[in-house]
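Dear colleague,

Please find below the structure for your records. A summary of the findings follows it.

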Amino acid sequence: MGSALFHGGTILTVDANDTVLANGWISVRDGRITALGPSASTPGFDRFDETIDLTGHLVMPGLVNAHTHSVMVLFRGRSEGQSLLTMDGWYNSIREPELSLVSSDIGPAVALSCAEMALSGTTTFADQYFFAEEIAVAVKASGLRSVIAYGVVQLGDAARGREELAKAKAFLEQQRSADGRVIPWFGPHAPYVDNTEELLQAEVEIANQFGVGLHLHMAAGPEDNDETEKRYGRTATVALEKIGFFNGRIHAAHCLDLSEEDIAVFARAPAASVAYCASAGLRSGREGICPAVALRAAGVVVALGTDNVAANNSYDMVSEMRVAGLVASHRERRAQPISSRELVRMATIDGARALGLGHEIGSLEPGKSADIIALDLGGPGYSETPDPETLLVYSGSGRDVRHAWVAGEQLVRDRTLTRRPYDDIRREYSATYQQFWARVAEAKRNREVA
Ligand SMILES: [Zn+2]
């Protein structure tokens, strides 16, 4: 892969001191950052195979989308007026059509999602869905980094539960030795809504056996807590702690309805994190808002996620930082209880830590993987300021991303994908979309006839 020198531009290192380097430089060898510094110490260009001039850009670690379901791009615009964080809303607009998915739909859908993520600066994402094997193939082709959780939806069907567990095990086995950009996890969908106690126990055992994390939805819909309160007299979080879910790494999306006791469960767990999905939460019309400020104050890692693009419409993590900041201000009734600088950390290093990758990505430091993005600061909204993080969060957009690298490999150059043309990905996706929704309509007609 050779060596490269990135020079010029304002570098947000997102290191422990949030060091910002005006006109800085970063040297990379074989996909890893070897050194970085301010302009006065820029090394000689002749020592590198490649030099990349990033003058006029904001240079920072690739963004980490800590919660999504990449296949669900097929449902974009299909749940208007439905709350995806209630059982009915989800069942009506997603679950029923989802039963018509076939494995050949997955690759083209995931390819489009990966293209949109790369073009808007996301270099790592946490995915959770069934068809995990097909997702892994498409992610590998994209070059992005992903923690793919094999999703299990049981819905009271014991045979389906057993079958899914066997498939999940096969996936974890198969991906274990695979290349480092795809990391397999396990993903019970929403524990108390659709899983039996027996299945939940089996899920924890599998996660322990394979040493992988659990990525699930928690305290997202009213049913989650209502069901467990009814059955066990405690919240879903406390109930899951009792059966061992919090002993290993656990990453919980949404967390809209956490009590103080629930927050304490997260805080005392050795490796628990939350994916705060502000846009999806707002759009769902649910009353609760993730207590991100209280969680952070308790020492819990809080990352940011778009959730699926039926709920969000967009994979733009720059926009997600802004919405997360606005919602936190609204919830806490004070100005910016989470600063722009902290929001940048949540979208980078905290996302990396949530996924167990804090040693590898999430900040620009010697020894870490060269997962780097550069945003063009030439457009409207980017006038001079002493605080580049404010500029990014409250003026910026994922559409300003001009270049992106993963492990030193340039995946986006001048807003263009390098591995496969976007038009090609889009064409294949459009054909798949038509076929999928024709299949859904046919299934519906057959059900009505029967
Ligand atoms: Zn979700």
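Two strands are taken to pair if DSSP finds at least two bridges between them. In this predicted model, strand 16 (residues 372-376) and strand 17 (residues 401-406) run antiparallel and are joined by four bridges. Within strand 17, A404 is the residue that stands opposite I373.

As to helix packing, the axes of helix 2 (residues 103-119) and helix 3 (residues 132-142) come within 8 Å and cross at roughly 35°. The crossing is right-handed. Helix 2 contributes S103, I106, G107, V110, A111 and C114 to the contact, and helix 3 contributes E134, I135, A138, V139 and S142. Of these residues, seven are nonpolar, three polar and one charged.

The count of aromatic pairs is eleven. The ring centres of F6 and W405 lie 4.7 Å apart with the planes at 75°, so this pair is edge-to-face. It links F6 in strand 1 (residues 3-7) with W405 in strand 17, 399 residues apart, and both residues are buried. F130 and F131 form a tilted pair, at 5.5 Å centre to centre and 35° between the planes. F130 is buried, with a relative accessible area of 16%, and F131 also counts as buried, at 19%.

With kind regards

Key
Residues numbered from 1 in each chain as written. Predicted model: local features only at pLDDT ≥ 70, side-chain atom pairs only at ≥ 80, totals over all residues. Heavy atoms only, no water. Axes fitted to C-alpha atoms, helices over the stretch in contact; angles between N-to-C directions. Helix = DSSP H or I, 4+ residues; strand = E, 2+ residues; numbered from the N terminus. Left-handed = near helix turned anticlockwise from the far one by under 90°. Contact = heavy atoms within 4.5 Å. Nonpolar A, V, L, I, M, F, W, Y, C, P; charged D, E, K, R; others polar. Phe/Tyr/Trp six-rings, centres within 6.5 Å; stacked < 30°, edge-to-face > 60°. Buried < 20%, exposed > 50% of the residue type's maximum accessible area, 1.4 Å probe, protein only.
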